[in-house]
Amino acid sequence: MTTLTSDTVDRLAGLRPDGDIAHLRRRRPVTRAQLQASSDALIAPLDDREFPLVERLLVAAFATRVTADDATAAHYAGLASAADAARAEVVAGEASASATAGPFGTYVEAGLRDESTDGRRYEPGLAARDALGERLTAALAHAHLLTVRPREAGSAALDRLLDAGWSVDGIVTLSQLVSFLAFQQRVAAGLRVLELTTPALEEVPA
Amino acid sequence: MTGTTTDVRTLVHDAPHPHAFTRAEVGWVPWLEPFPADELTERHYDGLVDRPRASSDYFRLLVRDPEILRARTLVDKDIFYNVGEGLPRAERELAAAAASRVNGCVFCASVHARFAAHYSKRADLVDLLLDEGISAELGERWDAIVAASAALTATPIAFDAVHVQRLRDAGLDDLEISDVIHAAAFFNWANRLMLSIGRPVAPAAETS
């Protein structure tokens with residue numbers, strides 16, 4: 001193996017193509033391949049009838065930007081913008097306005113009520129609903145819930161999606177998408193820190 | 001799609017809810033209808049990876065999107081079971097339990113606390129994490145892993161060079177630190193998925 005091919009996480013983490021951390025990722029070939037396969041399954045799907053690709057990209061841009069203003073958020077913002085610039089701009093505004101600290105939320109569990117915390121909740125306004133429609137704004141509301149206060153997720157949140165026209169299959173994929181992005185963004189962020197704290201190989205003089 | 005009506009509603013369950021984090025056997029019920037077992041095709045079985053998973057409501061709900069379920073299952077297994085080198089299994093499970101503790105996923109925390117206790121033989125320390133949360137004192141090596149997992153689980157992501165240095169000082173090499181990152185990050189996927197599409201059920205002992 002003389003040439004290493006970068007994948008999405010290598011790029012999001014800013015790994016030097018031949019650096020220690022890029023090589024270290026190759027020691028986990030299944031993790032590396034299946035992480036990329038997960039990404040492909042969600043944003044290059046075999047079948048997107050229940051959750052069209054452009055909606056996936058808009059939700060991805062929203063969910064990653066709510067979490068952080070980082071390379072992963074920029075990546076999905078770019079994909080969303082290329083797919084639908086007008087709606088991507090609205091989604092970006094919604095995301096940056098609703099970015100907040102988490103996880104927070106009220107516990108259902110009686111013994112954990114003392115640990116309940118509160119924070120900024122997201123409710124799409126009329127302008128966003130006019131621009132994006134009920135179906136997509138319902139998805140953004142669910143993405144915000146799962147991203148920053150997942151412990152509050154419950155049947156009412158899914159009823160809202162069903163009422164907005166989401167199918168059960170579509171809800172499963174939406175939940176996978178938002179949840180996967182929480183993983184991918186954190187792997188990239190974690191490996192980026194590891195990369196930056198690992199000394200570069202000595203430069204070989206030309 | 002405004003005005004769309006549908007007959008599909010979320011499922012109603014009267015099963016008791018857990019009251020706190022626990023290592024006991026927490027159950028789980030889906031909010032949405034699992035895919036019918038008698039309609040599974042080879043594409044679905046490919047998504048399930050292990051055919052016996054067809055008996056699980058959780059996996060038969062997720063199999064509604066077989067491709068992402070398959071990839072998720074394979075990455076999950078590799079992050080936690082591939083222990084030929086890198087971080088010991090117990091500490092991968094500790095990272096998973098810590099992330100679940102922070103997000104508030106009682107189901108995931110119960111499963112991975114059991115694994116962490118089993119592989120480490122330190123059930124007492126695992127119970128401290130469940131009872132007291134991430135500020136529990138578990139010894140420097142475990143504290144460093146828990147702190148890193150919690151920082152990676154926070155929004156915005158708070159994991160930084162100080163966490164890496166603390167892990168290195170505790171004796172972890174870069175592959176092991178990468179394993180901490182992957183295990184904690186993966187539970188930011190698992191917790192959200194588990195919480196989105198269903199809910200935990202109290203262990204039998206709590207309700208008897």
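**Close-up 1. Packing around helix H3 of chain B in the predicted model.** The buried residues of H3(B) pack against helix H3 (29-43) and helix H9 (168-196) of chain A, and within chain B against helix H1 (42-48), helix H2 (57-62), helix H4 (89-103) and helix H9 (174-197); contact means heavy atoms within 4.5 Å, and helices (H or I, at least four residues) are DSSP runs numbered from the N terminus. This is a predicted model, in which local features need pLDDT of at least 70 and side-chain atom pairs count only at pLDDT 80 or more, while totals for chains, interfaces and linings use all residues. Residues are numbered from 1 along each chain as its sequence is written, chains are lettered from A and ligands numbered from 1 in the order in which they are written, and side-chain values use heavy atoms, with hydrogens and water left out. Helix H3 of chain B, residues 66-81, reaches 22 Å from its first C-alpha to its last, close to the 22 Å expected at 1.5 Å a residue, where the expected span is 1.5 Å times one less than the number of residues. Because twelve of its 16 residues are buried, H3(B) is largely enclosed by the rest of the structure; buried means under 20% relative accessible area (1.4 Å probe, protein chains only). Among these buried residues are Ile68(B), Leu69(B), Arg72(B), Asp76(B) and Phe80(B).

**Close-up 2. Thr155(B) and its contacts with chain A.** Thr155(B) lies in the loop between helix H7 (140-153) and helix H8 (161-169) of chain B, and at 3% relative accessibility Thr155(B) counts as buried. Its side chain is joined to that of Arg186(A) by a polar contact of 3.1 Å (a pair of N or O atoms within 3.5 Å; within protein, one must be able to donate a hydrogen and the other to accept it, and residues adjacent in sequence count only if both atoms are side-chain atoms). Leaving aside neighbours within four places in sequence, the contacts of Thr155(B) include Val66(A), Thr100(A), Pro103(A) and Val148(A).

**Close-up 3. The cysteines Cys105(B) and Cys108(B).** A search of the whole structure finds zero disulfides over all chains, a disulfide being a pair of cysteine sulfur atoms within 2.5 Å. Cys105(B) is accordingly in no disulfide, and the nearest cysteine sulfur, that of Cys108(B), is 3.1 Å away. Cys105(B) is buried at 1% relative accessibility, and Cys108(B) is also buried, with a relative accessible area of 3%.

Key
Buried means under 20% relative accessible area, exposed over 50%, partly exposed in between (1.4 Å probe, protein chains only). Helices (H or I, at least four residues) and strands (E, at least two) are DSSP runs, numbered from the N terminus.
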